[in-house]
Amino acid sequence: MPTGTTAEGRPDLDALQSRLGVAVDPELLTLALTHRSYAYEHGGLPHNERLEFLGDSILGQAVTVRLFRDHPDLDEGELAKRRAALVSGVALAEVARSLELGQFLLLGRGEQLSGGREKVSILADTVEAIIGATYLSAGPDEATALVLRLIGPLMADPDRFGAALDPKTALQELADRRRAPAPVYQVTGTGPDHSKRFHAKVVVEGVTTGLGEGSSKKHAEMAAALDAWTKASTPADA
């Protein structure tokens with residue numbers, strides 16, 4: 001049983017809300033944590049995709065306004081690049097991991113067995129769903145504040161921001177500085193052609209240093225590169 005669940009196997013909402021720093025209606029928060037695989041296995045329950053749709057819009061607006069206000073020197077093109085990095089699945093999955101969000105998810109058995117609690121797409125989508133749930137429960141101001149709390153550390157850390165913007169380049173530069181061999185990417189695809197998922201790993205001298213998943217080879221490699229960069233940049237005693 002994941003550590004973020006109660007004795008009844010439900011998400012520990014109090015623990016999660018403490019990490020989020022905002023009170024969210026328990027029913028809405030549970031819905032935000034409910035993946036469609038769990039919903040289908042339990043008789044077609046509602047799942048989090050509508051909340052994800054709402055949260056995506058709120059996330060984009062909050063990040064856009066903050067970038068516009070904080071960087072009056074940047075042109076439209078550079079602002080767009082930074083926004084794209086900050087709202088990307090890779091960045092949102094990093095946010096989710098900082099919250100240890102995976103342990104709170106309601107997943108179907110198949111997703112659990114295939115590592116769904118660490119999948120970039122599932123983690124990123126759940127972050128957006130939680131933002132949507134916060135908007136409906138606590139209002140737009142609290143939802144915007146949540147976005148800025150979650151994304152703020154990435155905005156404030158130039159190195160980590162650069163890694164989120166271009167993780168493959170950031171990882172290669174880190175390897176060059178450490179005089180390590182160039183990272184090698186290995187990618188496999190699963191599922192039918194119309195909904196194929198790609199799984200990537202970064203290998204250095206035969207050792208897997210990062211894992212990633214996405215809807216394209218490029219996105220999977222980016223996720224794996226950021227995973228490897230994050231692990232390599234985190235002190236051993238952190």
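This is a predicted model: local features need pLDDT of at least 70, side-chain atom pairs count only at pLDDT 80 or more; totals for chains, interfaces and linings use all residues.
Strands of a sheet pair through backbone hydrogen bonds, in either a parallel or an antiparallel arrangement.

## Strand pairing and hairpins

Strand β2, residues 197-204, is joined to β1 in the antiparallel sense over seven bridges. Within this pairing, V184 has V203 of β2 as its bridge partner, while V187 stands opposite A200 in β2. The hairpin of β1 and β2 has six residues between the strands, and G191 in that hairpin adopts a positive phi near 95°.

The pairing of β2 with β3 is likewise antiparallel and runs over seven bridges; here H199 has E213 in β3 as its bridge partner. Two residues lie between the strands in the hairpin of β2 and β3, where E205 takes a positive phi near 50°.

## The largest pocket

The largest pocket holds about 660 Å³ of space. Its lining consists of 28 residues, and those that lie nearest the centre of the pocket are S121, I122, D125, R197 and E213. Of these, E213 is also the residue named above as the bridge partner of H199.

Several elements contribute to this lining: α3 (36-41), α4 (49-70), α6 (89-98), α8 (120-138), β2, β3 and α12 each supply at least two residues. The largest share is that of α8, which provides six residues. Sorted by class, the lining of the largest pocket contains seven nonpolar, 13 polar and eight charged residues.

## The second largest pocket

For the second largest pocket the computed volume is about 240 Å³. It is lined by 15 residues, with E118, A200, L211, G212 and E213 lying nearest its centre. The elements that give two or more residues to this lining are β2, β3 and α12, and by class the lining has three nonpolar, five polar and seven charged residues.

## The chain as a whole

The protein chain has twelve helices and three strands. Its radius of gyration is 18 Å, close to the 18 Å that the globule rule gives for 238 residues, and the chain is therefore as compact as a globular protein of that length. Along the principal axes, the C-alpha trace of the protein chain spans about 50 × 45 × 40 Å.

Definitions and conventions: Residues are numbered from 1 along each chain as its sequence is written. Side-chain values use heavy atoms; hydrogens and water are left out. Two strands pair if DSSP finds at least two bridges between them. Helices (H or I, at least four residues) and strands (E, at least two) are DSSP runs, numbered from the N terminus. On a 1 Å grid over the protein atoms alone, a cavity is a set of points where a 1.4 Å probe fits but cannot get out, and a pocket is an open set with protein on both sides within 12 Å along at least five of seven lines; lining residues have an atom within 4 Å of a point. Grid points are joined across faces, edges and corners, and a volume is the space filled by probe spheres set on the points. Ala, Val, Leu, Ile, Met, Phe, Trp, Tyr, Cys and Pro count as nonpolar, Asp, Glu, Lys and Arg as charged, and the others, Gly among them, as polar. The radius of gyration is taken over C-alpha atoms; the globule rule is 2.2 Å times the number of residues to the power 0.38.
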